[in-house]
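The stops below go from one selection to the next.

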Amino acid sequence: MTQDADSGTIQFTVKSMYTDLPTMHSYKLLVGNTWVLINQDSLLDAIMPSSRSFPSEGGSNSFSVCLGTSWTAVSSADWVSITAGTSGTPSEARAQGVWYTVAPNPTPVARSAEITVGEHKHTITQAAGRPV
């Protein structure tokens, strides 16, 4: 914070906040005998939840995306199909969704995949299939 006594101005900087949960922070600044209230919203930069587990039969689910930049969702495996929400635009106040389907696991080995959204990853694990 800097103060210029000649002009009667005070300058201060509040850094941007990126958190994994939407929050509001309030600051009080005493200027002379007056309290000045400053409210700051966080810039949510996350996907939620970051992982999901599926039975061997597969299934469908979704996760929320709230990023400050444009984004594209990309699956790392052909057995995970993104069915809606393949891309989005910056969203400061509202989450956008990615919906996907996990195919049945025909192998006797558990498996995992990821859907990448920007720098974030949503991890999908799936139980082993039943031997035939």
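Select Phe54 and Tyr100: both residues are buried. The model is a predicted one. A search of the whole structure gives two aromatic pairs, and Phe54 with Tyr100 is an edge-to-face pair, with 5.9 Å centre to centre and 70° between the planes. Phe54 belongs to strand E8 (residues 51-54) and Tyr100 to strand E13, so colouring by residue number will show a link between distant parts of the chain, 46 residues apart.

Phe63 is buried, as is Tyr100. Their rings form a tilted pair, 6.2 Å centre to centre with 50° between the planes. Because Phe63 is in strand E9 and Tyr100 in strand E13, this pair ties together parts that are 37 residues apart in sequence. With Phe54, Phe63 and Tyr100 shown together, the ring pairs link them into a cluster.

How many residues does the largest nonpolar core have? It has 17 residues. Those with the most contacts inside this core are Phe63, Val65, Val80, Tyr100, Ile115, Val117 and Ile124. Strands E9 (59-66), E10, E13 (96-102) and E14 each give two or more residues to the core.

Now centre the view on Ile115. Which residues is Ile115 in contact with, leaving aside its neighbours within four places in sequence? Phe63 and Tyr100 from the tilted ring pair are on the list of contacts. Ile115 is also in contact with Ala73, Val74, Ser75, Val80, Ile82, His120, Lys121, His122 and Ile124.

Switch to a cartoon and select strand E10, residues 71-75. Strand E14 (residues 111-117) runs antiparallel to E10, and three bridges join the two. One place to look is Ser75, whose bridge partner in E14 is Ile115. Strand E12 (residues 87-88) is also antiparallel to E10, joined to it by two bridges. Here, select Thr72 and Ser87: Ser87 is the bridge partner of Thr72 in E12.

For the last stop, select Trp79 and Arg111. What lies over the face of Trp79? Arg111 does, at 4.0 Å from the ring centre.

Terms used. Residues are numbered from 1 along each chain as its sequence is written. This is a predicted model: local features need pLDDT of at least 70, side-chain atom pairs count only at pLDDT 80 or more; totals for chains, interfaces and linings use all residues. Side-chain values use heavy atoms; hydrogens and water are left out. Two strands pair if DSSP finds at least two bridges between them. Helices (H or I, at least four residues) and strands (E, at least two) are DSSP runs, numbered from the N terminus. A nonpolar core is a set of buried Ala, Val, Leu, Ile, Met, Phe, Trp, Tyr and Cys residues joined through side-chain atoms within 4.5 Å. Buried means under 20% relative accessible area, exposed over 50%, partly exposed in between (1.4 Å probe, protein chains only). Contact means heavy atoms within 4.5 Å. Rings of Phe, Tyr and Trp (its six-membered ring) pair if their centres lie within 6.5 Å; planes under 30 degrees apart count as stacked, over 60 as edge-to-face and the rest as tilted. A charge sits over a ring if NZ of Lys or CZ of Arg is within 6 Å of the ring centre and within 35 degrees of the ring normal.
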